[in-house]
Amino acid sequence: MQSVNSDLSASFSLNFVLPLCFASDPFERTPKSEMLCTCSGEQFQLEQEEDLPKSPESLATRDFSVNGSSSRVTDLESNSRFDDGLVDEAESDLRDTISLNYEEARALLGRLEYQRGNFDASLQVLQGIDILSLRPKLIKSISLNFKPKKVRSKSEKLKLPINLMSVHSVSLLLEAIYLKAKSFEALNKPKDSALEYKNIIDIVETAWPFGMPDCIEEEYKLLEIFHKSLESLPKLWIQCGCFEEAIIAYKRALTKIWKLNPNSCANLQKDLAVILLYSGTTSNLEEAILLLLILMRKMIIIKEINLDYEIINHLMYALSVSNQFEMLTSQLELLLPGLYTREERWYFLALCYYSLNMNNDALNIIRNSIRVSERKSKTHVPTLLLGAKICCENLNRENSFEGVKFATRVLEYTKYEKKYIHQIGIAYHFLGGCLGFCARNSLSNVEKSKLEKSTIKLLSQALILEKGNPNILYSLAKENALQRNPNLAIKFCTKYLNEEFGGSINGWKLLIICISMQKRLKEAEGVLDIAMDQIDESGAKLEFLKLKADIQVFEGEFNRAIDTYSVLLSVVESCKNNKQVEEIRNIEIEAWLDLAYIYIKLNSYQDANICLEKSNHTQFTSPKYWHIKGTLLKAESKEKEALNAFSASLSINPDYVPSMICIANILINQGGNNCVSIARSFIMNALKLEATNHEAWLNLGLISQSEGNAVEAVDCFQMAFEFEETSPVQKLV
């Protein structure tokens, strides 16, 4: 055998190689005898192996590897002499073989052309291989050649079909398809390339319908080709814009055992999750989340795959858009120290609790984070801004002061440098919002005026830095409305709606309320009708109908308001299957209470009682219920019972201003120094909470008048008149 090989090496004939190198179609069909490699006119045949019979059609018994140079032959016809190096490589590849069939010879030459970078020539050669006719034989050979070793006894090996292709022949032909796909890919033909990769996967999957057998070893070239095809196919479908096909390809690679290494399998799972999240297909978001959770477990708990921050980021996004913040919190708590800094981890957790409306928990995390940062002389600006935002959105006396502190620290850290211009603008916005609340609750008129001016100035500066920021425009509109500047409020509110393309319910409501402050009630109703046409949502429709009824009550058109509430209640009935059942139920209760108030104004006390009965299950939690009940009792001249009802309202909410004013009014009517003094204390408390409430100023004037203080009474009546002129149809805060 060794002598045969040495003789073959010494006198290898070019009768086979030269036609391959220079023929326009190097593999025209020739008789089988002409396809044999010859040496000095003699044919050599290898001794048949004892274990496996060789196919008479395919005697390639080894994996032919080519280590040729990368230089490219560009124009063979222009050269007078053929390329000696190419011939040498062909001889090297064919040296150890006796014969090749037509397809295998093409596969070898196709590989040579591909490795030299001649992709067009490689395709010309490889496209001559009729894979369609070879497909059944390839499938059969793969299926039978790779059975578990315990089944493959020596006697059974001899029973294998005579024309069964060898392992290396199968690998050679699959490699030909693979190189064909790579050539298409190099020539920027992704769809053709994808079809070739799919061809490889179809052949192997048909041979192994239940996944790859255990007897397959990693060194098999077939395994390498198949794995590369599994990884390349979905990427090419994505490149073609065929996202559904890409998803199918990913699932084919993942649903069966193909002996992919853990990191390769993880990359496929991650890529599938990404396409499910971002491709815009109708695929299930839950599937993407499940894949990412599996990857997190492999990465953090099992430590089977390498650390990949992209997996964490994609999972954060997926759980955020699906409102699964509780699950996101638990996943963040699993992260080991060192993956993120302590400040970043606490910031992410605070964001989760904020998204779950657990604002107190979020603020506690932020306070702890800031305390630790201060000890290290560090400042985490995003944490400070989040704290200021939470305080600004949940204003009370404590939060307003803390919000001012957070925002001021951001400004101190950034030192008004240009690189922090965005953070400075946001800090101005939150600082202005917190100062506005402080102004409304200030006991000193001088301090209140100063804080109001500072609020407008800060919000204006924020708008200069954050040009066109809709949130700042809305805050400016609302703050001007609260300061009873309806013209400026309408100006900023209109700009806000333009930025939001008319899609903001709160923006339309604020605009309508600001127009009503100018006593242009008919115009306000017209704008409201436009808003209802612009935003066709059930929740928005309910809010707009409620506002429309309030405008009609404000005009004194009680019958029209009753009709509007009838429409609102019919819409509520149609929305009861909605997910937001509790919110819709609250709107329904508010509607019944407002109807009761309207019937009291119409002196229809029996109807008012019926409306109250519709909402009496809220009597333990609703201050408004007891306030309306007290108003009804007062109208029926049952002042003692009315006082008890108003007191019940204040026991539920001590800051419920309408009940404070009604108690004061009853005490004023009763007269007596003791009653007037108590009435004054109620009115002063009401004015601390709502300094622009015209009814409170009116009753304070009545108290001053009863006490004989005419000058103070006139001033109070004047304030009541001015605030009534610009009073909104709905409370702004």
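Here are some questions and answers about this predicted model.

User: To get going, how many helices and strands are there in the protein chain?
Analyst: Let's start with the big picture. The chain has 733 residues, and 49% of them count as buried. Counting up the secondary structure gives zero strands, and the number of helices is 35.

User: How far apart are the end C-alpha atoms of helix 4, and what span should its residues give?
Analyst: Helix 4 covers residues 102-115, and at 1.5 Å a residue it should span 20 Å. The model agrees with that, because the end C-alpha atoms are also apart by 20 Å.

User: Which residue just after helix 4 takes a positive phi?
Analyst: Step just past the end of the helix and check the backbone angle there. Phi is about 90 degrees, and the residue is Gly117.

User: Where is Lys259, and is it buried, partly exposed or exposed?
Analyst: Lys259 sits in the loop between helix 11 and helix 12. Its phi is near 60 degrees, a positive value in a residue other than glycine. Its relative accessible area is 30%, so Lys259 is partly exposed.

User: What is the relative accessible area of Lys519?
Analyst: Lys519 also has a phi near 60 degrees, positive in a residue other than glycine. You'll find Lys519 in the loop between helix 24 and helix 25. Lys519 counts as partly exposed, with a relative accessible area of 34%.

User: Are helix 5 and helix 8 parallel, antiparallel or oblique to each other?
Analyst: Their axes are 9 Å apart and the helices pack at an angle of about 140 degrees. Angles over 145 degrees would count as roughly antiparallel. That leaves helix 5 and helix 8 oblique.

User: Which residues of helix 5 make the contact with helix 8?
Analyst: The crossing of these two helices is left-handed. On the helix 8 side, the residues in contact include Ala176, Leu179 and Phe184. On the helix 5 side, they are Phe119, Ser122, Leu123 and Leu126.

User: How do helix 21 and helix 22 run relative to each other?
Analyst: The axes of helix 21 and helix 22 come within 9 Å and cross at roughly 160 degrees. Angles over 145 degrees count as roughly antiparallel. So helix 21 and helix 22 are roughly antiparallel.

User: How many nonpolar residues does the contact of helix 21 with helix 22 have?
Analyst: Residues that meet there include Ile456 and Leu459 in helix 21, and Ile472 and Leu476 in helix 22. By class, four are polar and one is charged, while the nonpolar ones number seven.

User: What about helix 22 and helix 23: at what angle do they pack?
Analyst: Helix 22 and helix 23 are roughly antiparallel to each other, and the crossing is left-handed. Their axes are 8 Å apart, and the angle is about 155 degrees.

User: How do the residues of that contact between helix 22 and helix 23 divide by class?
Analyst: Among the residues making the contact are Leu473 and Tyr474 of helix 22, plus Phe492 and Tyr496 of helix 23. Sorted by class, they come to one polar, two charged and 11 nonpolar.

User: How far apart in space are Tyr428 and Leu465, C-alpha to C-alpha?
Analyst: Tyr428 belongs to helix 20 and counts as buried, at 12% relative accessibility. Its contacts beyond its sequence neighbours include Leu411, Tyr416 and Leu465. Tyr428 and Leu465 are 37 residues apart in sequence, and in space the distance is 9.3 Å.

User: Last one: is Cys716 buried or exposed?
Analyst: Cys716 is in helix 35. Leaving aside neighbours within four places in sequence, Cys716 is in contact with Trp697, Leu700, Gly701 and Ser704. Its relative accessible area is 4%, so Cys716 is buried.

Terms used
Residues are numbered from 1 along each chain as its sequence is written. This is a predicted model: local features need pLDDT of at least 70, side-chain atom pairs count only at pLDDT 80 or more; totals for chains, interfaces and linings use all residues. Side-chain values use heavy atoms; hydrogens and water are left out. Axes are lines fitted to C-alpha atoms, for helices over the stretch in contact, and angles run from 0 to 180 degrees between N-to-C directions. Helices (H or I, at least four residues) and strands (E, at least two) are DSSP runs, numbered from the N terminus. Angles under 35 degrees count as roughly parallel, over 145 as roughly antiparallel, 65 to 115 as roughly perpendicular and the rest as oblique. A crossing is left-handed if the near helix is turned anticlockwise from the far one by less than a right angle, and right-handed if clockwise. Contact means heavy atoms within 4.5 Å. Ala, Val, Leu, Ile, Met, Phe, Trp, Tyr, Cys and Pro count as nonpolar, Asp, Glu, Lys and Arg as charged, and the others, Gly among them, as polar. The expected span of a helix is 1.5 Å times one less than its number of residues. Buried means under 20% relative accessible area, exposed over 50%, partly exposed in between (1.4 Å probe, protein chains only).
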